[in-house]
Every structure is written in structure tokens, then in C-alpha cells.
Amino acid sequence: MLFTITVGVLVLGLMVLVHEWGHFIAAKLFRIRVDVFSVGFGPRLAGLVRGGTDYRWSALPLGGYVKMAGDTPGEERSGAPEEFLSRPRWQRALVILAGPTMNLLLAVLLLAGVFTYRFERPAFYEQPAVIGDVVPDSPAAAAGLRAGDRIVALDGVKEPRWQEVLVHTAISAGHPLRVSVARGGEVVAVVLTPRAESQGRVGFAGWLPHDPPVVMNIREGSPAVQAGLQVGDVLAELDGEPLSLSAREPTVVSDRVQKLVGASTQLTIERAGARQTFTLQPAFDPQEKRWYLGVGLGSRMITARLSPLEAFRASFVQNWQTSGWILTLVSRLVTLRASLRSLEGPVGIVRQSGEAARQGWLPVLNLMVLISLSLGLLNLLPIPILDGGHLVLLGIEGSLRRDLSLAVKDRMIQVGFAFLMLIFAVVMYKDIARLFGG
């Protein structure tokens with residue numbers, strides 16, 4: 001638990017601190033006086049004052065904050081040119097925009113760094129969305145979808161790849177999806193509603209990707225060796241039946257071999273773009289009391305180390321796609337077509353960070369990318385207390401060619417603060433309920 005909390009606090013704190021650092025740098029560039037740059041919140045523990053700025057460590061290490069001179073409508077102002085509200089609107093807008101920009105830039109740079117070390121993903125992510133299996137009693141089964149159907153349209157998205165399908169489904173719990181599939185030369189249109197599953201209330205449709213197993217290793221002296229199978233071969237068919245790995249049938253090949261009870265089988269594989277068929281005679285393992293072919297199977301993976309330019313390009317594309325999915329989820333929350341249960345608050349982020357850290361540093365970096373991207377985008381929402389709300393106010397003032405009264409600004413900030421506190425309270429309640437299995 002201590003490890004989880006420590007990692008979670010560091011991850012969440014760093015993302016918030018980067019956001020505030022963006023505001024700080026922009027303010028310094030425009031010679032706006034920064035009174036406080038704090039790492040953490042609450043009482044000041046230590047620090048130093050330099051150039052009129054109190055650089056401090058504070059008691060609660062969940063990020064930090066920047067306090068610029070004259071940046072609060074209700075506080076006393078001297079009207080000095082170094083005060084935030086004394087600067088031209090375009091400068092104020094850039095200072096406000098710098099925070100979310102730093103989060104978005106960090107997301108791209110972090111992921112690009114990951115991709116230069118290892119770019120890895122399941123091969124089926126980039127494949128046409130051919131259904132390999134349908135879970136019984138699932139929304140997909142109820143809609144009449146079958147193995148072999150190819151999804152050609154999903155809520156207006158034409159010819160989606162599996163990655164698009166899986167993410168779109170995950171953010172659509174309780175939201176009807178219009179789906180068209182190609183089947184036997186015709187297109188069948190259905191509507192299904194993914195159900196919410198797991199602690200994160202992730203949408204589940206019940207369709208599983210067509211993911212032919214690939215030979216990862218071969219048992220010495222086994223029927224696979226005798227037949228001439230090689231590591232990297234893709235198993236396409238067993239006795240004419242298509243093969244596809246899935247969470248529902250992780251041992252699909254082994255299970256089918258047991259049913260043969262030693263009878264020979266025809267195995268069709270793909271190698272170097274060509275199909276070949278082998279005849280194998282299963283062997284019996286007296287210790288495990290099972291028939292076997294002698295192949296260790298896994299999913300096909302795309303693995304590479306990208307050049308810095310390729311990594312940056314791939315990172316930008318993936319972050320752009322993820323941004324679209326995040327904004328889609330936000331729009332559904334606003335229109336009440338999605339539940340707040342699908343959001344993670346600070347407790348959930350801390351828990352996920354700890355779980356990622358136990359798997360290694362790459363999962364932690366991937367989680368940091370998602371948090372930083374989400375923080376940057378959500379801060380641009382037009383809610384008065386957020387950066388996006390401040391930008392909207394500046395836009396209104398620019399169109400009116402005069403500043404709104406301090407009383408109006410103060411009231412709008414109060415309303416925005418109350419709204420965010422309500423959302424925060426609900427999300428925190430859901431976080432804690434999930435933590436205790438509720």
C-alpha cells in the first residue's frame with residue numbers, strides 16, 4: 001500500500017507540477033511578477049526567495065501551484081505593470097494556455113521516448129476489425145453478430161481498425177452503438193449497447209478480435225519439429241477450422257488437440273506471406289496425461305525501435321487519436337450519455353500508478369502519458385475556474401473591448417468552483433467505493 005501511494009503521489013504530482021511550470025515560464029517571459037512557485041500545497045516547509053519569487057516546498061506533495069501578482073479578481077491590486085491583470089489580454093491568454101500546452105507537449109515527448117526504446121503493440125490493433133469470437137450472453141451475441149463478421153462501420157467510423165473498435169467500445173458503456181458488418185457478401189446493420197464491466201465501468205460488447213496464434217517456441221523432439229514448423233509461423237486453421245486466440249479460449253489449440261485423441265490433424269500455417277499445410281500426429285505426455293503438438297503459442301506483436309523522428313510522428317498520431325477518444329467521453333458525460341463511474345479521480349490514479357509500477361517502468365510512462373494528456377485537455381474545458389474558462393472570459397472581454405467587472409468575474413469563478421467541487425466529490429466517492437469493492 002505504501003509503495004502504491006508513493007508512486008501514485010509522485011506521478012500525479014509531477015503531472016500537475018509540469019502544468020504549473022508552464023504558467024510560470026510564460027509569466028516570467030512576459031515579466032509578470034510571480035509571488036509564489038510551490039512544489040506541493042498547504043503550509044510552507046522550506047524554500048528560498050529569489051527575484052521576488054518564493055520558491056517553496058509545501059506539506060502536501062500533490063503537484064504544486066503558481067501565484068502571480070494580481071491574478072485573482074477579488075484581491076487588492078496596485079495596478080503595477082508587472083501584475084497579471086495589468087498585462088495585455090493576448091499575453092494573459094498565452095500565460096493561461098502555457099499550462100495545458102506543457103501537459104500536451106509532455107505527453108507527446110514521453111510517448112516518443114517510449115517508442116524510441118520499444119514500439120510494441122498487438123498486430124491485430126492495425127488489422128481490419130474481423131470478429132474472431134463472440135462471448136455468449138453478451139451484447140454482440142444478442143445483436144446476432146458472429147465469428148467471421150467484419151465490422152465495416154461503427155458509429156459513423158468507416159472501416160475501423162481493431163484499436164479504434166476496442167477504445168470506442170470501452171468509452172461507450174450504456175451508449176447504443178450503430179454497427180454494420182460484412183457477412184457473406186452482404187452488409188448487416190445492428191444496434192448494440194456495451195455493458196459496463198470491471199471496476200472502471202469499461203464498456204464491453206463481447207466481440208473478440210480475430211487473432212491467429214503465432215508459434216513462440218517449439219518443444220524439442222515434438223510432432224511440430226518433425227513436421228517442420230518454425231518459430232514465427234502463424235497458425236491459420238486446424239482441420240479446416242479457423243484459429244483465433246481469445247481471452248475466452250486461451251488454450252483453443254490444445255483443447256482441439258485433446259478431442260482428436262491421437263488422430264492425425266491438418267495444420268495450415270502462414271509463413272512469409274504464403275500458406276502451407278502440414279499433417280501432424282499428436283504425441284501423448286504421460287506425466288501431464290495430455291496430447292500435444294509441441295508448440296508454444298502467443299499473439300502476434302509488432303515490435304520495433306523507432307528513430308526519433310518516426311517516434312515523434314507515431315507519438316503525435318497516437319496522442320491525437322487518444323485526444324479524440326477523451327473528448328468523445330467528455331461530450332457523452334455532458335449530454336448524460338455516459339456515467340461519472342467511467343472517470344478516475346486522484347484515488348483511482350494513485351491505485352493505477354502503483355499497479356503499473358509493479359509491472360515495470362514502461363507501463364508507468366504510458367500511464368503518465370494518458371494522465372498528462374487528460375490534464376491538458378480537461379483544463380481547456382470552458383469552465384470558469386479552469387484555464388479554458390479563463391480563455392473564454394478573455395475572449396468575451398476582447399469582443400466587448402472592455403474588462404468585465406470584478407464582481408462578475410468573481411461570481412463566475414465561484415460557480416465554476418462549486419461545479420468542480422461537486423464533480424470532484426462524486427468522483428472521489430466512486431473512487432473510494434471501487435477501492436473497497438463497491
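## Salt bridges

Arg-33 and Glu-82 form a salt bridge, their closest N and O atoms being 3.3 Å apart; the term covers a side-chain nitrogen of Lys or Arg within 4 Å of a carboxyl oxygen of Asp or Glu. Arg-33 lies in the loop between α1 and β1 (34-50) and Glu-82 in the loop between β2 (53-68) and α2, so the pair ties together parts that are 49 residues apart in sequence. Helices (H or I, at least four residues) and strands (E, at least two) are DSSP runs, numbered from the N terminus. This is a predicted model, in which local features need pLDDT of at least 70 and side-chain atom pairs count only at pLDDT 80 or more, while totals for chains, interfaces and linings use all residues. Residues are numbered from 1 along each chain as its sequence is written, and side-chain values use heavy atoms, with hydrogens and water left out.

Arg-33 is partly exposed at 32% relative accessible area, and Glu-82 is partly exposed at 29%. Buried means under 20% relative accessible area, exposed over 50%, and partly exposed in between (1.4 Å probe, protein chains only). Salt bridges with shared partners join Arg-33, Asp-35 and Glu-82 into one network. The structure holds 13 salt bridges.

## Two pairs involving strand β7

Arg-183 forms a salt bridge with Asp-149, with 2.8 Å between the closest N and O atoms. Arg-183 belongs to strand β7 (residues 177-183) and Asp-149 to the loop between α3 and β5 (150-154), so this pair ties together parts 34 residues apart in sequence. Both Arg-183 and Asp-149 are buried.

Arg-178 and Asp-155 also meet in a salt bridge (3.7 Å, N to O). Here strand β7 holds Arg-178, and the loop between β5 and β6 (157-158) holds Asp-155, so parts 23 residues apart in sequence are tied together. Arg-178 is exposed at 53% relative accessibility, whereas Asp-155 is buried at 17%.

## Nonpolar cores

A nonpolar core is a set of buried Ala, Val, Leu, Ile, Met, Phe, Trp, Tyr and Cys residues joined through side-chain atoms within 4.5 Å. In the largest one, which has 23 residues, Leu-110, Phe-115 and Met-368 touch the most other members. At least two residues of this core come from each of α1 (2-29), α2, α7 and α9 (361-378). The largest share, nine residues, is from α9.

Leaving out residues up to four places away in sequence, Met-368 touches Val-11, Leu-14, Met-15 and Leu-110; contact means heavy atoms within 4.5 Å. Ala-140, Leu-177, Val-181 and Ala-205 are among the members of a second, separate core of 17 residues.

## Asp-285

Asp-285 is found in strand β17 (residues 283-285) and is buried, with a relative accessible area of 8%. A polar atom of the Asp-285 side chain lies 2.9 Å from the backbone nitrogen of Gln-287, and one lies 3.2 Å from the backbone nitrogen of Glu-288. Beyond its neighbours within four places in sequence, Asp-285 is in contact with Arg-219, Arg-290 and Tyr-292.

## Loop residues with positive phi

Asp-137 is not a glycine but has a positive phi of about 60°. Asp-137 sits in the loop between β4 (131-134) and α3 (139-142) and is exposed, at 72% relative accessible area.

Asp-239, also not a glycine, has a positive phi of about 50°. Asp-239 lies in the loop between β13 (234-238) and β14 (241-242) and is partly exposed at 39% relative accessibility.

Conventions
Polar contact = N/O pair within 3.5 Å; in protein donor to acceptor, adjacent residues only side chain to side chain.
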